[in-house]
Amino acid sequence: MLRQVAFPEGSQYVPEDQLEAVDEVPKDPLDVFESGHFSSVHELGRALVRARLTGRLANVLYSLDATNSDFYAYQFKPVVKLLQSPTTGILIADEVGLGKTIEAGLIWTEFRSRFDARRLLVVCPSVLRTKWKDELARRFGVQAEVLGARETLSRMKEALDSGHAGEFAIIASLQGIRPLRGWEDTDTEGGASELARFLQENQEGTRLIDVLVIDEAHYLRNPASQSAEVARLLRRVSEYIVLLSATPIHLKNEDLFQLLTLIDEDTFHQPAVFEQQLKANAPLIRARDRLLTGRCTPTELAELLRTALAHPVLKTSRQLAGLLKEAQTTSTAFDRETVSRLAQRLESVNLLGHAVTRTRKRDVTEWRVIREPRDQAIHLTEVERSFYDIVTETVREYCIKAGGHEGFLLVTPQRQMSSSMPAALRAWQKRGADDALLLTQDLGIDVETDDSGGPLVQQLVANASKLGNLKQLWESDSKYHRFSTELGEYLKSHPTERVVVFAYFRPTLEYLHERLTGENITAVLLYGGSDKDEVLARFGKQDGPRVLLSSEVGSEGVDLQFCRLLINYDLPWNPMRLEQRIGRLDRLGQKSERIVVWNLFYDDTIDSRIYERLYRRLAIAEASLGSLEPILAEHIQDLTLELLSRKLTPEEEEARIEQTAQAIANRRQQEDDLEKEAAHLVQYGDYILQHISAARETGRRITGEDVRDFVVGFFTLHYAGSQFRQIGGDACVMEVSLSSQAKFDLENFLRNTKARAATSLIRNDPRPVTCRFDNRIVGANSHSHETIGQMHPVVRFAVRRERDLGVDSQPAVCLQLDAARDEKGVAPGLYAFSTQLWSVRGVQEIEQLHYAVERLDGTFPLVSPQEAERIVVIATQHGRNWRGATDDLISRAAHCINNVCLERCDEQYEKFVGELQLQNIDRADAQEHTLELHLEGQMRRLGATYEKHRLAGRTGLARATETRIAMIKARVERQRLAISERRELKHFKTDLCVGLLEVIGR
């Protein structure tokens, strides 16, 4: 007779005479090992995957290889920093083009897996909304909605009514949700004001937002602005905040302090606090840097720690006191493992280091794009020289009379002419009055002016017929002739490539489009008022236009890294504009080793002198400017007005431009020096990158195969009748049919958790569902299959169900592994191993898998925990069950596991808990201190509000304010109790698995 037996890898029918009744198998994995009741390699894999899928392991990156983005280690720095941070916010201040959007998306992916985060709000400039929507969908599988203030308010109210189950992913523009001044008054109408009042009413209750992302956060730098006001309101109802801004990091940067205040307004409540933090951390950073050189003695470390502890900010730090004690009781030199551990502990004390992360292009090893500038000085024809001189003289005479008070409008005609002479003249003749309005659209700036363009433009329009001959300028357009000739040759020799052309003015772009079309070169226009998404979609198609003609609206929020030739048909006098243009190509994802920046300008003009004296001096087209925009704007404005408001000779022009270039170079050097001085105080050294690289190398992530094995094993064990059948050659593509009971329980789980994600697995249709097990996040499921990854509801159901059922598999295994399956080549021989799950509950909840491996003959040096982890993971992935181990060998392995592996684990565990206990107390102290500062600030602010309402006779508002004060006090008291409860660390360890591994030589 055959009996159906449920094995971990699936059900099988076995003859009854081959089955043996046994007593209850002991549950301790070492006892199981000694008894010879071995589990399979599949069950070992399921036990490790189950531990990972809980989403709580501190040394697993759940966002790693889980998104549709390429792997760059530095992009995971913000994820790791925020997870380890005592604060709940971070400023990502990476330079332009390094992928801050991706870093924010990785944080959201990590928090969805780890904390079941469900509510995301992205606030960005309106021009970036569509880009955010596309990026979230394409790379992170997030179907976000672009909403206005009133719709955002509606979604938040719905989520609040739904409790924890409420979900949303919203993208809103900063301009669209910014309330009017006086929004507190209920008579102030408008969706943004209503939203602001709702946020204020709910800031002391349940957090409305899990993760708040604010892009281009430098727009919040003025604390008195309405933009900063709405940001503060949103922060107070958000669990986590992520700010994105290419902000330099140094002590004298007031913008940086304002952003830190937004991250944690209680910790960074005064500018002096920022400086005190940095000064207090200085000896810690010196200690860390000395440790990492490998030459720091215990005595030197102890002296640096005593200096740090003498600072008022750190005098109560138990972590530093613990480190000092260890240094004082150590007599021998530190080994490499101790150096790494001590450096990490020193960095964990640095509060500012957790709040800010900054990566510069020069520091990224993956960044190897070379900018190759090509200068083209165009010699003016006689017709062009005459036109240039007449217009320049007209502009200068007017500027002298106006005294430079019209600023922006004075520059416009000169820049239009320098862009394209025939285009400028035709525009003045044809419609001059529209120029100012169209220009503000094309540049994406806000200029307060009437539609007339000002008296200077009116004067040029009135005298357009006297300025030059349009037909002659058109026929003798030396710049266009050079441009079209070389562009045509390039497109002919590179038939699959696209080219990006920037010009400042719409008339120039329309002129170029007209003439290129006449030469059968396909081009598409992008300027103010265009449907940017439609234009870029056309340009990005394989059979789309070969040339993109763009105004400055295409220099922000646009990714063009599939191109490698950029043509600047005119040169902005402010180099930051040029940097923004180049940044569309010189960004993460650029596959070409070099990009060409072709700059066109008229020779022997103000433009040529600016290029020679300013651009060349600062190497504008060759290297990133970093974050010099405020500096450049100030200097260029002064230079522009002086060049146009005085009758200068060419030599005098050169001298004035040289003076500006020197001033900018000096400021640039000062900024670099200030940032170098402070950057090492907020960085993590190499520890975080090592942590990320180790996570990838040792497999601290979830793969599609992991998900498949866990799901198949779960339903096979717990729901008889569920079927999984591989189809085709891909082992991760299967036809899935769940049993009726499985469908019923899964449907109840979805209903109870109010999960938005749908699944076809619960449908009544008896036909199987084709599923692909793939942990890389996708958007909507394919028509041909449903994708199942770590965040799929069926996986969450399986994890929750096994936890509720008390499933606690602790396998003991005997495995064989071919050495050839390990790329790093573990030495052949016999190994004993153990794996423990360490769990800690305090201010933070931390779980960690710890591995120990020992060579049975003891001839090899000690295996580090990281190498032990790698060996066990490789054995799990590529090993096979070994049934031939002798009783003597099993006995020797059991002795080694008990007396070496587990003993070593216990030693490491005691050290792990001891260090976390000190950190936990320090963080509890910091939380209590911050809580008191928060209460004081709220009482002071609301007290003033109450008095204002009382004195004005607004009794209702006064009573409402009293109610809010009482609610805040009650909430703070509850938080005090919660901190007090978490002050005492609770911890335990579980032996997850043990085993014997034979590695067979090549």
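Trainee: Is Asp709 buried, partly exposed or exposed, and what is its relative accessible area?

Mentor: Asp709 has a relative accessible area of 34%, which makes this residue partly exposed. Please bear in mind that the model is predicted. The reading rests on two cut-offs: buried means under 20% and exposed means over 50%, with partly exposed in between.

Trainee: With which residue does the side chain of Asp709 meet in a salt bridge?

Mentor: The partner is Arg708, and the distance from N to O is 3.0 Å. Arg708 has a relative accessibility of 16% and therefore counts as buried, whereas Asp709 is partly exposed.

Trainee: How many salt bridges does the structure hold?

Mentor: There are 42 salt bridges in the structure. Arg841 and Glu845 provide a second case, their side chains meeting at 3.7 Å from N to O. Here Arg841 is partly exposed at 24% relative accessibility, and Glu845 is exposed at 55%. Salt bridges may also share partners, and in this way Arg318, Asp925, Glu928 and Arg983 are joined into one network.

Trainee: Where do Arg114 and Glu110 both lie, and how many residues apart are they?

Mentor: Both belong to helix H4, residues 100-115, and a spacing of four residues places them about one turn of the helix apart. Arg114 and Glu110 are both buried.

Trainee: Which C-alpha atom is separated from that of Arg114 by 8.8 Å, with 61 residues between the two positions along the chain?

Mentor: That atom belongs to Leu53. Leu53 lies in helix H2, residues 41-53, and counts as buried at 11% relative accessibility. When neighbours within four places in sequence are left aside, the contacts of Leu53 are Ile702, Phe710, Gln790, Val795 and Val799.

Trainee: Which residues of helix H25 are buried?

Mentor: In H25, residues 532-540, the buried residues are Lys532, Val535 and Phe539. They line one face of the helix, because they fall within an arc of 70° when seen down the axis of H25. Their cover includes strand E11 (499-502), strand E12 (523-526) and strand E13 (547-550).

Trainee: How many aromatic pairs does the count come to?

Mentor: The count comes to 24 aromatic pairs. To classify a pair, one reads the angle between the ring planes. For Tyr480 and Phe483 the ring centres are 5.9 Å apart and the planes stand at 55°, so this pair is tilted. The two residues are three residues apart in helix H23, residues 478-493, which separates them by about one helical turn. Tyr480 is buried at 1% relative accessibility, and Phe483 is buried at 0%.

Trainee: What are the ring geometry and class of Trp838 and Tyr909?

Mentor: Their ring centres lie 5.3 Å apart and their planes are at 65°, so the pair is edge-to-face. Trp838 is in strand E21 (residues 829-841) and Tyr909 in helix H35 (residues 887-951), so the pair ties together parts that are 71 residues apart in sequence. Both residues are buried.

Trainee: Which residues do ring pairs link into a cluster?

Mentor: The cluster consists of Trp474, Tyr480, Phe483, Tyr511, Tyr569 and Trp598. The charged end of Lys479 sits over the ring of Tyr602, at 4.8 Å from its centre, and that of Arg506 sits over the ring of Tyr527, at 4.1 Å from its centre.

Trainee: As a last exercise, which residues does Gln319 touch, not counting those up to four places away in sequence?

Mentor: Gln319 touches Arg345, Ser348, Val349, Leu918, Gln919 and Asp922. Gln319 is found in helix H13, residues 318-328, and counts as buried at 8% relative accessibility.

How values were computed: Residues are numbered from 1 along each chain as its sequence is written. This is a predicted model: local features need pLDDT of at least 70, side-chain atom pairs count only at pLDDT 80 or more; totals for chains, interfaces and linings use all residues. Side-chain values use heavy atoms; hydrogens and water are left out. Buried means under 20% relative accessible area, exposed over 50%, partly exposed in between (1.4 Å probe, protein chains only). The arc is that of the directions from the helix axis to the C-beta atoms. Contact means heavy atoms within 4.5 Å. A salt bridge is a side-chain nitrogen of Lys or Arg within 4 Å of a carboxyl oxygen of Asp or Glu. Rings of Phe, Tyr and Trp (its six-membered ring) pair if their centres lie within 6.5 Å; planes under 30 degrees apart count as stacked, over 60 as edge-to-face and the rest as tilted. A charge sits over a ring if NZ of Lys or CZ of Arg is within 6 Å of the ring centre and within 35 degrees of the ring normal.
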